[in-house]
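Please read the points in order.

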Amino acid sequence: MQHPISTTQRKTRGPMADLSLEKVVTLLGTQDIKGSDKELKMLCIRISELVESNGEAWVKESRQTLLDEWEYIVNQGIIG
């Protein structure tokens, strides 16, 4: 089972554009999101995918889990 912020290969998606970092910050409810520019771009891509598949309400409801997993990803240097 994959975690919501799995960094595995990205699937081809439809026409939805990746969310801006500003929109991701709004959805996650905090500006305190750590990461390099590359990592934050990957976060925007993944949150965009989650919004597309599960909806904004789900992302908002799951924000603490998503933030905890993101912190782990950044601290472990998984994206690089």
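1. Both K34 and D32 are exposed, where exposed stands for over 50% relative accessible area, buried for under 20% and partly exposed for the range in between (1.4 Å probe, protein chains only). Their side chains meet in a salt bridge at 3.5 Å, N to O; the term denotes a side-chain nitrogen of Lys or Arg within 4 Å of a carboxyl oxygen of Asp or Glu.

2. This is a predicted model, in which local features need pLDDT of at least 70 and side-chain atom pairs count only at pLDDT 80 or more, while totals for chains, interfaces and linings use all residues. Residues are numbered from 1 along each chain as its sequence is written, and side-chain values use heavy atoms, with hydrogens and water left out.

3. The structure holds 3 salt bridges. One of them joins the side chains of K23 and E56 (3.4 Å, N to O). K23 lies in helix α1 and E56 in helix α3 (residues 56-61), so this pair ties together parts 33 residues apart in sequence. Helices are DSSP runs (H or I, at least four residues), numbered from the N terminus. K23 is partly exposed at 30% relative accessibility, and E56 is partly exposed at 33%.

4. E49 and R46 form a salt bridge through their side chains (2.9 Å, N to O). Both residues are buried. They are 3 residues apart in helix α2, and so are separated by about one helical turn.

Key
Helices (H or I, at least four residues) and strands (E, at least two) are DSSP runs, numbered from the N terminus.
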